[in-house]
Amino acid sequence: MPVPTPVPLLRLNGVSRTYGSRKVLHPLDLSLKAGECAALLGHNGSGKSTLLRIAAGRDTPTTGTVTFDGLPMNENDPRVRARVAVVGDTTACYPDLTVREHLQLVAVAHGVEGAEEWIDHVLAERLLSAHSDALPSALSSGQLQSLLLASALVRPRDLLLLDEPEQRLDPGARRRLAEVIGAETAEGVGVLLVTHDAELARAAADRVLVLREGEIVADGTPEDVLADGYDIGGEAG
Amino acid sequence: MSADTRLDDHAAEERAAHWSGEDEWTDETLRLLRELRAPHRRKRAGQIAYAVYCVLLIAVIWGVMPSMGLFLEASMGADYTGHGPAILAAMPAGICALAVGCLLLGARDALWRGPVVPPRESVDWLLAQPVRIGRLLRPWLWVSCAAALSLGVLAAAIGTVTLGLTVRVGPAAAFAWCLVGGACLPLLATALGVAVETAPRVAGWVRSLTPYAGVLALALAGQSVLAADGHAVPWLERIELWSGPWGWAGMAALSPTPAAVPGGPVAAALLVALTGGCLALANRAVGDALPLAAVRQRSRTASGVMSALLTVELRTARQVAAGAAGGERSVRFRLRAPRRAALAVPWRDCVALLRAPGAVAKSAAATALAVPAAGLAVNAHGGTAVAALLAALSLGYWAVAQLLESARLETDDTRRASWAPYSFAGLMLRHAIVPGAVALLISCAAAAVILPLGGPARAALVPAAVPALVAAGLVNACRGASKLHLLMAPSQSPAGGTGPVQFLIWYLAGPLTALALLAVPFMLALHAGTPAAAVAAALTSAAVTCGLLCWMYARARALTR
């Protein structure tokens, strides 16, 4: 089980991002503690996914710094990669590996003890047991999304970054997703969740941040922020 | 449910949903479409006319004028008949090989594209209207037939020139007899394509039989080369010539020559009759039996491939076509997952190769071709030796590249690798292990075969080249998106713009570098045949490997930056 750290697990300090002359993110600060889930809500184009990519070290901020547990966030740093799991905005899988082999690859590479039992557990939890020997081409988009989430859950992690994980999931799977996030934070994993689903944010997050045109315009508990009626451009629940 | 079954179901549904006579609006729809698209059609006709003009210009400059020059020289006393006997000996098996290749090409093409491919816009909305499908689709069948026929005429023209110069056959007779096979075989391939497009079961047969047909074509080509070298097997050739349309074309082409086989006109008549019958069946199938789901799917694929080709994303184009032609993937082989973290990526690569045994077979075949090419370099001198060595190294690179598919999958979308506990560049480095080991095994087997012929020093050169070629393949895998701006590079040479050459150099940077650096030491080692020269070549290969891996590492880092 990850040990809670005294310093913020993830810290964004004065981070901004500009593409050409277009300012996508204005300088902002954000910190996330171990065992905390922060949900980022906002319209399409408000800068949520850019912020998540920067937080994951996949994009370099124009100004500011990003640190993970005191380390500079760099996607190519094995110390970061070993502890940060990302479920991105793609369903790209290996076309020649079955569902179980995807999870075996991740578990073996991360040196997970008792990988097979753990994989069986994750497959059952994500309702993928019946498809464990299927190739990605035989899965629906919702099942592919579940596979990506399972790949993140089968490995050790201190920080989980989720980019609209509710996409392509049915209502039942969305409810289970909130439970998964709850279980993660209970184990001390920090979760940064980008979503359009206010109901998911209400159910899973400790904090909700609303982004509008690259600026954080609200930061508080889900009850406070969502009750204030911010326009988040998604399903207000 | 398999894709073929789904297509069957779609076809059944579509056949069940017939329009009644009252609903039918074919003439009105087509008339309206003609009116609406008149400006576009004029523009398109202009583009096609320009393309035809360019093709004709190239054909005249590179084909007609040199051929006329040769005939002129022949009329002034130049003698090319020395090659006649070899060409006549090579023709029976050679034409069979070409014919099998042509039919295979037509059938494989129909797995993803097919002879009946209307444009995407027609497919997207016109097929859903109350119109007679046959009237919409048949023109596209005839367009494909015309394209196939033009290639056949070109082949017949080449045959005419060859027979005219080397066997002194009159141009009219040579062209007429060559045209029988030249016209019929491509048309037969087109009709076969319609059968593949129409019946998913036939498509399944084509997928299963492709490797055997490929091997048959190669074997026939080999037989042809041996026959040209004086090792013909007349009874086998006779069986091949009478065995089907592939042989009938050869019999027709041989008819006006001194090597004519009895029954040539009969074979020609059989071929023409078979082609006519098959085209009639294809014409009927396009109206009655062609599943619209297959037409839609193929039109989408063709449009995807064309988009990828226009942006010079050749791998994407190949993937789209292969994805559509390959049928359903299956999980036939499994491999127990290892426990040690260090073995994760090698295990993943082993699974990939187990799932694609064809890649290993292709790699072995290319290595088998590379070895005689290297042998030719030993015995030849000057330009021939250099060309043979470069061919051997290129074949070696191609052999290794077959094994690197899982590395290329990583660079297709770097986000796939977000699971890995190591950097992307480190992951790519790990993808060298299994392909390198498999390539070394194959090359050692090839080296063992040539050991008695070339000696240990020369045999050792085969595995010695492998690490550098694997590293070159990884450099190429980390190429990234196409640098289209290179194609438009402003610099000029006496032969025209240098853009395409610059693009090609960038596209093939890895193998070109490896070939350039390995050519000299390997040539010296091949000619010397001494252990010292072989060690020097192996050390050079090791140094090139290190350099290329560093380059690959930098490229991989740049991909995730």
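In this predicted model, B:Arg318 is found in helix H13 (residues 314-325) of chain B; helices here are DSSP runs of type H or I with at least four residues, numbered from the N terminus. B:Arg318 has 13 C-beta neighbours inside 10 Å, so it counts as partly exposed. On this scale a residue is buried if 20 or more other C-beta atoms lie within 10 Å of its own, exposed if 12 or fewer, and partly exposed in between, with C-beta atoms placed from the backbone. Between the C-alpha atoms of B:Arg318 and B:Ala269, which are 49 residues apart along the chain, there is a separation of 39 Å.

Residues are numbered from 1 along each chain as its sequence is written, while chains are lettered from A and ligands numbered from 1 in the order in which they are written. Because the model is predicted, local features need pLDDT of at least 70 and side-chain atom pairs count only at pLDDT 80 or more, whereas totals for chains, interfaces and linings use all residues.

Chain B is divided into domain 1 (83-290) and domain 2 (342-559), with bounds that come from an automatic or database domain assignment. The centres of these two domains of chain B, taken over C-alpha atoms, are 35 Å apart.

Helix H10 (residues 245-254) of chain B is largely enclosed by the rest of the structure, because 10 of its 10 residues are buried. Among them are B:Trp246, B:Trp248 and B:Met251. The buried residues of H10(B) pack against helices H4 (84-112), H6 (133-166), H7 (171-198), H9 (234-242) and H11 (264-288) of chain B; a contact requires C-beta atoms, placed from the backbone, to lie within 7 Å.

Another pairing involves helix H14 (residues 344-355) and helix H19 (residues 433-454) of chain B, whose axes come within 8 Å and cross at roughly 55°. Axes are lines fitted to C-alpha atoms, for helices over the stretch in contact, and angles run from 0 to 180 degrees between N-to-C directions. From H14(B), B:Pro346, B:Asp349, B:Cys350 and B:Leu353 meet B:Ile433, B:Val434, B:Pro435 and B:Val438 of H19(B).

Finally, the contact between the chains takes 27 residues from chain A and 23 residues from chain B. H3(A) gives the largest share of the chain A side, 6 residues.

Key. Contact = placed C-beta atoms within 7 Å. Helix = DSSP H or I, 4+ residues; strand = E, 2+ residues; numbered from the N terminus.
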